[in-house]
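Trainee: I would like to learn how to read side-chain contacts and backbone features in a model like this one. Could we go through them one at a time, with the general idea ahead of each case?

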Amino acid sequence: MAFELDGKTIETTDSGYLVNHDDWSEDLARAMAAAEDIGALTARHWDVITYLRSEYFDNRENQPNTRAIIKAMSDAWGEKIKQGDLYALFPLDPSKQGGRIAGLPESRRKGGY
């Protein structure tokens with residue numbers, strides 16, 4: 001699969017992850033979310049995406065699982081959230097689908113929680 005954005009073709013793997021993470025942009029994230037039927041990205045979507053990108057690029061390529069995302073977003077949002085709150089944002093798996101839309105490579109970790 002590939003995305004056409006601003007006259008440029010952006011290649012993805014068979015599972016939808018970017019071939020080159022330098023191709024990522026917020027506009028591409030919006031296009032990827034639309035292709036995955038997520039709809040408009042809200043501030044909470046962007047909080048998760050920003051967190052995942054920060055963990056990967058600023059923390060030795062860490063790709064947090066869903067439990068770590070729950071803890072981080074509970075702290076960021078000042079409320080205790082549940083797994084279902086994240087799945088409402090990224091229904092196919094917050095760590096994997098969120099990471100894909102955040103432009104990260106595919107996680108090789110087993111399980112999402």
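Trainee: Where is the place of Q63?

Mentor: Helices and strands here are DSSP runs numbered from the N terminus, a helix (H or I) having at least four residues and a strand (E) at least two. On that basis, Q63 is in the loop between helix 2 (43–58) and helix 3 (66–77). This is a predicted model, in which local features need pLDDT of at least 70 and side-chain atom pairs count only at pLDDT 80 or more, while totals for chains, interfaces and linings use all residues. Residues are numbered from 1 along each chain as its sequence is written, and side-chain values use heavy atoms, with hydrogens and water left out.

Trainee: What does the side chain of Q63 reach?

Mentor: A polar contact is a pair of N or O atoms within 3.5 Å; within protein, one must be able to donate a hydrogen and the other to accept it, and residues adjacent in sequence count only if both atoms are side-chain atoms. The side chain of Q63 reaches the backbone oxygen of P105 at 2.8 Å. The C-alpha atoms of Q63 and K96, which are 33 residues apart along the chain, are separated by 9.0 Å.

Trainee: How many salt bridges are there?

Mentor: A salt bridge is a side-chain nitrogen of Lys or Arg within 4 Å of a carboxyl oxygen of Asp or Glu, and by this rule the count comes to 6. One of them joins R44 and E79, with the closest N and O atoms 2.8 Å apart. That pair links distant parts of the chain, since R44 is in helix 2 and E79 in the loop between helix 3 and helix 4, 35 residues apart.

Trainee: Are K71 and D75 buried or exposed?

Mentor: Buried means under 20% relative accessible area, exposed over 50%, and partly exposed in between (1.4 Å probe, protein chains only). Both K71 and D75 are exposed, whereas R30 is partly exposed at 38%.

Trainee: Which ring does R44 lie over?

Mentor: A charge sits over a ring if NZ of Lys or CZ of Arg is within 6 Å of the ring centre and within 35 degrees of the ring normal. R44 lies over the face of W77, at 4.1 Å from the ring centre, and the charged end of R100 sits over the ring of Y17, 5.1 Å from its centre.

Trainee: What should I look for in phi?

Mentor: Most residues other than glycine have a negative phi. D6 has a positive phi near 55°; D6 is found in the loop between strand 1 (2–5) and strand 2 (8–11) and is exposed, at 73% relative accessibility. D93 also has a positive phi, of about 145°; D93 is in the loop between helix 4 (83–89) and helix 5 (94–101) and is buried, at 8% relative accessibility.
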